[in-house]
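Hi everyone, thanks for making time this morning.

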Amino acid sequence: MNEIELSVTATPAEIQGYLESKVMKPLSTPVGIVELDDEPLESVGGGTTGLMEGRTTLNRIDDYDINVHVIKNLHGLNFAKYVPEFYDCEDRAFWGMAHLRHFLPGVPIGVASGVAQDGPIAGKPHAVIIIWRRGPGGDIVPEFWDPLPEHQGLVGFGGIQSIVAFPADVGKINTPPIVNSLNGSMLVYDRKRVAYRREDLLNYLRTAPYEKNCVNAKLHQKSSESDFNSWWSRSDRALWAFVHARRDYPGCPVGVAKGNKVSGDSTWLVTVFYKNDTGDLEWTYFDPKSSTEVKNFNPTMIFI
């Protein structure tokens, strides 16, 4: 979300050198820069995935103490170096959200974009982790936690534009403090992305090396198999693959999509944008559960 530092005409070698100078070495050499447009869905600047009602927000929220469990584990994460645009505030916030959901399945947590109210970037656009807790009157209220190293912790945050909440329930509007749904649209945080070879990204998703070599592998452990299976969802699986791909291929045009397969079944997949042989932008979908590419998928919501 900061000033763009890499030209759209940069060569693969220049892109590689730039990322390595920021201590973010990709697993393979980039092939160029792409700019996302308004396909396959119309892009918007704000909205929410919605926070699932019922057993998760009303019961699971009481299973985890925000200080003892949530914040303690967030402080233990390696959020990587900050790279303007290509691995910036929302990438780091998604990293934290995905790992908290894996370590504490079912915890209501999200990524909020808005304006920092305090700290070194006060008054500037920013993205942080949003955590919900039960207030004194029993209402569900948000807290904001910033991964920024020099200002890490609970912070003031306002001007909320978007909230990608988990456990997600597209169409619901109970996501304090905003209510407008992202259903039917695509939330694009940064239009400029680093392009990698299509097969490199798909092979990475197929083999899932992050399950063993992630820098935060200790937080891949499960509190219990039954607890994990009950609360870690298809949307979590797609989020999990997305955050690791984005970190190992910094800036890659990979996102998370909800939609319907040709069978009519609703599910969550990873969406992968890439350059075709003529240099045009195309996309495909990948199911991390079956480790297969999905054809004829109809997306109803994407964040990338």
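Let's start with W95, which sits in helix α4; helices here are DSSP runs of H or I with at least four residues, strands are runs of E with at least two, and both are numbered from the N terminus. Before going further, please keep in mind that this is a predicted model, where local features need pLDDT of at least 70, side-chain atom pairs count only at pLDDT 80 or more, and totals for chains, interfaces and linings use all residues. Residues are numbered from 1 along each chain as its sequence is written, and side-chain values use heavy atoms, with hydrogens and water left out.

Is W95 buried or exposed? W95 has a relative accessible area of 1%, so it counts as buried, the cut-off being under 20%, with exposed over 50% and partly exposed in between, for a 1.4 Å probe and protein chains only. Beyond its neighbours within four places in sequence, W95 is in contact (heavy atoms within 4.5 Å) with residues including L77, F79, Y87, V215, V243 and R247.

What about the helix as a whole? In α4, 15 of the 15 residues are buried, so the helix is largely enclosed by the rest of the structure.

Now the nonpolar cores, meaning sets of buried Ala, Val, Leu, Ile, Met, Phe, Trp, Tyr and Cys residues joined through side-chain atoms within 4.5 Å. The largest one has 70 residues, and F94, L239 and F303 have the most contacts inside it. Helix α4 gives the largest share of this core, 8 residues. Setting aside neighbours within four places in sequence, F94 touches V111, V164, Y189, L239, F242, V243 and F303. Apart from that core lies another, of 13 residues, with F144 and F157 among them. In soluble globular proteins, nonpolar side chains tend to be buried together.

Last stop, the second largest pocket. It is lined by 13 residues, and M24, K25, V215, R247 and D248 lie nearest its centre. Helix α8, residues 234-248, supplies the largest share of the pocket lining, 3 residues.A pocket here is an open set of points on a 1 Å grid over the protein atoms alone, with protein on both sides within 12 Å along at least five of seven lines, and lining residues have an atom within 4 Å of a point.

Technical notes. 1 Å grid on protein atoms, 1.4 Å probe; cavity = no way out; pocket = protein on both sides within 12 Å on 5 of 7 lines; lining within 4 Å.
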